[in-house]
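Please read this briefing next to the sequence and the structure shown below.

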Amino acid sequence: MNAKEIRELFPILNQSVNGHPLVYLDSAATSQKPVQVIEAVDRYYREYNSNVHRGVHTLGTLATDGYEGAREKVRTFINAKETAEVIFTRGTTTSLNFVAQGYARNFIEEGDEIVITEVEHHSNFIPWQQIAKQTGATLKFIPLAEDGTVTVQAAEQTITSNTKLVAIGYVSNVLGSINPVKEIAQIVHRHGGVIVVDGAQAAPHLKVDVQELDCDFFAFSGHKMAGPTGIGVLYGKRTLLEKMEPVEYGGEMIDFVDLYDSTWKELPWKFEGGTPIIAGAIGLGAAIDFVESIGIDAIREHEHQLVTYAMERLRQIDGLKIYGPEERSGLVTFTMNEAHPHDIATVLDTEGIAIRAGHHCCQPLMKWLKVSSTARASFYLYNTEEDIDALVKGLIKTKEYFGNVFS
Amino acid sequence: MSSLDDLYRRVIMDHYQKPRNRGEFEDGALTVNMNNPTCGDRIQLQMKVEDGKVTDARFTGEGCSISMSSASMMTEAIKGLEVDEALARADLFSRMMKGEASEEEIEEADLGDIEALQGVSKFPARIKCATLAWKAMEKGLRE
């Protein structure tokens, strides 16, 4: 794939920020959007905006086709068995909270175990911490290896026959580590539990096959994979989704409503109360078409080359420390002796370079790493080696700047 | 780098590198803990208040150059001030960060080193760093 040609499809990248060409290295927070996605959303609003599933009129049919067509695209993208297992949500956070409130809260009891890790993003951490508090279940953590990765052995030692639920991120948004979720799923199932996978940092960057992983729930967001914000997906196995309670009651999700009781629509609509995120779903469908036109494996390979190059160049900067394992997804988290992460991000911003600084919604992991915050550069299909060269140049400038004012 | 120089004035770096009043009181003091949840900066501010006057202040914490230098300057500035005066300073500082304080007002207040932080107002993402210690002071003295 040719990243330079791909860049042309992202209008936002063609601009100057603070007098320098924009170098966008914050795709793990949110990715930029190609014209195909922007136009798909624009076309929906200009040409066939209408509510779905109820209108008899032509626009209503077009909107329903667009919305349900996007569901089928998601199904193929993650290789779910059927579209009934694909629920549209507001994003990964909502998806994980749905599982926590609709499934875990009803099936987890005092004395059961919930297993997570300290690497989790707050959105795959707090829901389980709170469910444990609400149900009286025990919250357990798979101990991390020295480089912050989750090993199959450690999972094996932590998960027991009391473990009812394991929630784990596929790819860490801080360390870039790719966790062995397929192997962990086997362990969980052997003990009779369910596994929930936070796929927010995985779906945009590597091939996800929910049947091959054999995960019970899988959550991801559209906006990190070239789609719009406000749309995400919860995949769940049919048998579990059928047992799961709706979390949001209202229009569009009911079968019959009586004075003292109601029944729900069939899957997946029982979880989609209210007017759904129609434009978002259509935009996500366009994003999937776009990603598939390039090929997820080609994207992974491109990011692998970029991250390898970035690690090699960053290591040459004296006093810069990289966190996480060698083999990783397309991001690098680091600190510098001379400057605090926020100061690094501010200096880089004056050079037009956008990175992220802070705790990355991972306070428990920051504690584990014994740092209060870190800086992170993350890559996507539109990034090039020139972007990394600009980053390195900016970091050397930061180092000199802070070195000088201190001397 | 001129805008950067505005942000990171030498005096700010001096306070960052050699923070004044860093530490804790061993005996009792008015203690406030505050953090900036979006970035992880945190501060523990301790103040000695006697007869309506701030007689001493110390801080510990972790954060960027702006938040830590601001804490250092703030603790210097409030020593010896009446509680009301300290609160008025906090208010002026907050307005200064939002670009709402007039030149005359700033000049009249004779802020000393703190004036160096004026450049932060041009970096909206960093205003919260500068105001952390001041918010802690305000919270402590109001309670």
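The points that follow are grouped by topic. This is a predicted model, in which local features need pLDDT of at least 70 and side-chain atom pairs count only at pLDDT 80 or more, while totals for chains, interfaces and linings use all residues. Residues are numbered from 1 along each chain as its sequence is written, and chains are lettered from A, with ligands numbered from 1, in the order in which they are written.

**Chain A overall**
- Chain A holds 14 helices and 17 strands; helices (H or I, at least four residues) and strands (E, at least two) are DSSP runs, numbered from the N terminus.
- The radius of gyration of chain A, taken over C-alpha atoms, is 22 Å, close to the 22 Å given for 407 residues by the globule rule (2.2 Å times the number of residues to the power 0.38), so chain A is as compact as a globular protein of that length.
- The C-alpha trace of chain A spans about 75 × 55 × 35 Å along its principal axes.
- Of the 407 residues in chain A, 53% are buried; a residue is buried with 20 or more other C-beta atoms within 10 Å of its own, exposed with 12 or fewer, and partly exposed in between, with C-beta atoms placed from the backbone.
- Among contacts in chain A with a separation of 6 or more, 71% join residues 24 or more positions apart; a contact means C-beta atoms, placed from the backbone, within 7 Å.

**Domains of chain A**
- Domain 1 (37–293) and domain 2 (296–406) of chain A come from an automatic or database domain assignment.
- The centres of these two domains, over C-alpha atoms, are separated by 29 Å.
- Between them, 22 residues of domain 1 of chain A touch 21 residues of domain 2 of chain A.

**A:Lys81**
- The loop between helix H3 (58–78) and strand E4 (86–89) of chain A contains A:Lys81.
- A:Lys81 is partly exposed because 13 other C-beta atoms lie within 10 Å.
- From A:Lys81 to A:Ser372 is 291 residues in sequence and 43 Å in space, C-alpha to C-alpha.

**Contact between the chains**
- Chain B places 17 residues in contact with 14 residues of chain A.
- On the chain B side, helix H1 (2–7) and helix H2 (10–17) each supply at least two residues.
- That side of chain B has 8 nonpolar (Ala, Val, Leu, Ile, Met, Phe, Trp, Tyr, Cys and Pro), 3 charged (Asp, Glu, Lys and Arg) and 6 polar residues (the others, Gly among them).

Conventions. Two residues are in contact if their C-beta atoms, placed from the backbone, lie within 7 Å.
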